[in-house]
Amino acid sequence: MKIAIIGAGFGGMAAAYDLRRAGHEVEIFESAAQVGGLAAGFKEPHWDWSLEQYYHHWFATDRHVLGLIDELGWRDKVLFPRPYTVVYWAGKFYPFDSIFSNIPLFILRHFPLLDAVRYGLAGAYLRFTPWWKPLERVTAEAWTRRWFGERVYALQWQPLLQSKFGERYYQQVNMAWLWARLHVRTTRLGTFEGGFQAFAEMFAARLREMGVSIQLNTSISQIRQNPNGGLKLTTAQGEHVADQCLVTTSPALLAKLAPELPEEYLRGVLELKSMGAVVMVLSLTQQLSREGYYWFNLPKSAGFPFLALVEHTNFISAEHYGGDHLVYLGDYLEPEHEYFQLTHEELLQRFLPSLTRFNPDFRPNWVRKSWLFRTNYAQPVPLINHSQNIPDIRTPLPGLFFASMSQVYPWDRGTNFAVEIGRRAAKLMLTGRNTVE
Ligand SMILES: Cc1cc2nc3c(=O)[nH]c(=O)nc-3n(C[C@H](O)[C@H](O)[C@H](O)COP(=O)(O)OP(=O)(O)OC[C@H]3O[C@@H](n4cnc5c(N)ncnc54)[C@H](O)[C@@H]3O)c2cc1C
């Protein structure tokens with residue numbers, strides 16, 4: 001079979017790997033100049049490692065992506081440093097070497113005993129119950145307020161929900177989403193030697209060696225049924241015919257690319273909600289968090305102009321970046337938010353004054369360089385009973401398959417689940433069946 005894959009992110013490349021190993025002719029079309037998708041990185045000439053455009057790490061339980069890396073023989077390149085996460089409470093930052101295991105100790109010290117007991121019980125329930133389905137019938141806000149109590153909700157869950165889903169959706173997201181995060185995530189955070197981009201490039205090189213063709217800078221503008229069978233893909237350079245095609249873009253883009261999809265499927269796809277992300281990266285001449293903290297969760301109520309500050313070089317040594325200290329300032333936002341319209345310089349001016357709250361000595365002349373990354377599609381939003389709204393990987397258009405971040409539910413999106421769904425899609429394409437055991 002001749003198979004086309006749209007997108008050279010982790011999902012598209014994982015699918016290509018299995019399809020090629022099964023003996024098919026595989027061609028990947030990627031609109032960007034490099035592979036890696038949302039996990040792609042960039043590199044300054046004096047850096048040894050690349051830096052992800054959007055902050056990225058793996059969890060020790062990310063078995064799909066780590067399993068793939070094992071298969072490829074590169075496990076020795078996966079590193080698990082020990083960074084510090086920080087929570088903001090009552091005007092101060094509190095460090096945790098692991099937010100989930102140490103928060104109960106914090107609660108024990110600062111909150112009434114009852115809160116710590118409730119935390120232990122509710123936390124253990126979420127960690128161990130495999131039954132997530134009933135949890136999708138209730139919002140995460142209602143569940144956590146009820147079972148963890150108001151104080152813990154205000155300390156931990158409200159800031160998390162607000163930072164991920166904004167004012168519009170944070171009270172509507174279902175509890176299965178939070179269950180999935182607590183159920184499988186570890187506190188250990190990992191990366192690839194050289195950065196995620198190094199892994200993506202090595203994977204692409206392996207795919208090419210195996211005979212997969214990867215066309216960079218090649219955007220697909222339309223997918224239609226071919227009158228002589230299969231599908232016809234349009235690019236600026238011409239047309240390509242394939243027996244099957246896997247699309248790994250956002251749902252909105254799939255709807256645009258394949259207008260022949262039946263109305264009912266399209267309606268389902270277009271009803272899926274998601275948040276965008278705006279992330280600024282600063283290269284500083286000095287370390288920002290003198291205490292060496294990596295990840296600052298910032299509650300909306302604290303009035304920062306961003307909701308996450310991540311000092312990457314407190315996770316991976318600045319040595320790999322020519323001594324530069326790298327800091328992300330990020331937020332998940334709806335695509336209509338003004339941060340999507342403001343210029344790079346305007347955003348920088350909004351962000352910089354708040355950095356003295358992390359280090360009173362900070363001065364704007366510490367900023368050597370900055371970069372701005374924005375994407376409309378960063379975080380799917382799972383509302384009540386979301387499992388009923390997940391589009392099938394096999395679309396009703398013969399030969400057309402769709403595998404995106406919006407379909408990995410109840411798991412939260414991530415490269416681990418991009419690999420999982422890419423490989424699941426490949427299996428479906430190979431077996432011709434509707435489900436994979
Ligand atoms: C702010 C942020 C933080 C994140 N943090 C983490 C993290 O810590 N750990 C983690 O594992 N994951 C994280 N993720 C999620 C992770 O990046 C994604 O889940 C994963 O990369 C999705 O892979 P994918 O292959 O499904 O899609 P994508 O990576 O989106 O790949 C789709 C590809 O399709 C291409 N494309 C789009 N349109 C066309 C077209 N018309 N023609 C051809 N090509 C096209 C795109 O350029 C892209 O390369 C984060 C994401 C964001 C935004």
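Entry 1: I started with S6 and strand S9 (residues 189-192), which pair in the antiparallel sense over two bridges. This is a predicted model, so I read each item below as a feature of a prediction. Looking for a specific partner, I found that Val 78 is bridged to Phe 192 in S9. I then widened the view: the sheet is open, has three strands in the order S5-S9-S6, and its pairing is antiparallel. Which strands stand at the edges? They are strand S5 (58-59) and strand S6 (78-79); each has a single partner strand, so one side of each is left without a neighbour in the sheet. As a reminder to myself, strands of a sheet pair through backbone hydrogen bonds, either parallel or antiparallel.

**Entry 2: the whole protein.** I stepped back and noted twelve helices and 20 strands in the protein. The radius of gyration is 22 Å, close to the 22 Å that the globule rule gives for 437 residues, so the protein is as compact as a globular protein of that length. For the overall extent, I wrote down that the C-alpha trace spans about 70 × 50 × 40 Å along its principal axes. Buried residues come to 46% of the 437 residues. I also checked contacts with a separation of 6 or more: 71% of them join residues 24 or more positions apart.

**Entry 3: domains.** The division I worked with is domain 1 (2-50 + 194-272 + 391-431), domain 2 (99-184) and domain 3 (274-381). Taken over C-alpha atoms, the centres of domain 1 and domain 3 are separated by 30 Å. Where these two meet, ten residues of domain 1 are in contact with nine residues of domain 3. On the domain 1 side of that contact I listed five nonpolar, three polar and two charged residues.

**Entry 4: around the ligand.** How many residues surround the ligand? I get 36, and the closest are Gly 7, Gly 9, Gly 11, Gly 37 and Ala 418. The elements giving two or more residues to this shell are helix H1 (10-21), strand S15 (273-284), strand S19 (367-381) and H12. By class, the shell residues divide into 17 nonpolar, 17 polar and two charged. I placed the ligand between domain 1 and domain 3, because both give residues to the shell around it.

**Entry 5: Ala 403.** I looked up Ala 403 next and found it in the loop between strand S20 (400-402) and helix H12 (415-431). Is Ala 403 buried or exposed? Ala 403 counts as buried, because it has 29 C-beta neighbours inside 10 Å and the cut-off for buried is 20 or more. Leaving out residues up to four places away in sequence, Ala 403 touches Gly 11, Ala 15, Leu 246, Thr 248, Ile 393, Ile 421, Gly 422 and Ala 425. One of these, Gly 11, I had already listed among the closest residues to the ligand. I also took a distance to Phe 29, which is 374 residues apart from Ala 403 along the chain: their C-alpha atoms are separated by 15 Å.

**Entry 6: Pro 159.** My last stop was Pro 159, which is found in helix H6 (residues 150-169). Pro 159 is buried, with 22 other C-beta atoms within 10 Å. With residues up to four places away in sequence set aside, Pro 159 touches Asn 297, Pro 299 and Lys 300.

How values were computed
Residues numbered from 1 in each chain as written. Predicted model: local features only at pLDDT ≥ 70, side-chain atom pairs only at ≥ 80, totals over all residues. Helix = DSSP H or I, 4+ residues; strand = E, 2+ residues; numbered from the N terminus. Buried ≥ 20, exposed ≤ 12 C-beta atoms within 10 Å, placed from the backbone. Contact = placed C-beta atoms within 7 Å. Rg over C-alpha atoms; globule rule 2.2 N^0.38 Å. Pairing = 2+ DSSP bridges. Near = placed C-beta within 6 Å. Nonpolar A, V, L, I, M, F, W, Y, C, P; charged D, E, K, R; others polar. Domains from an automatic or database assignment.
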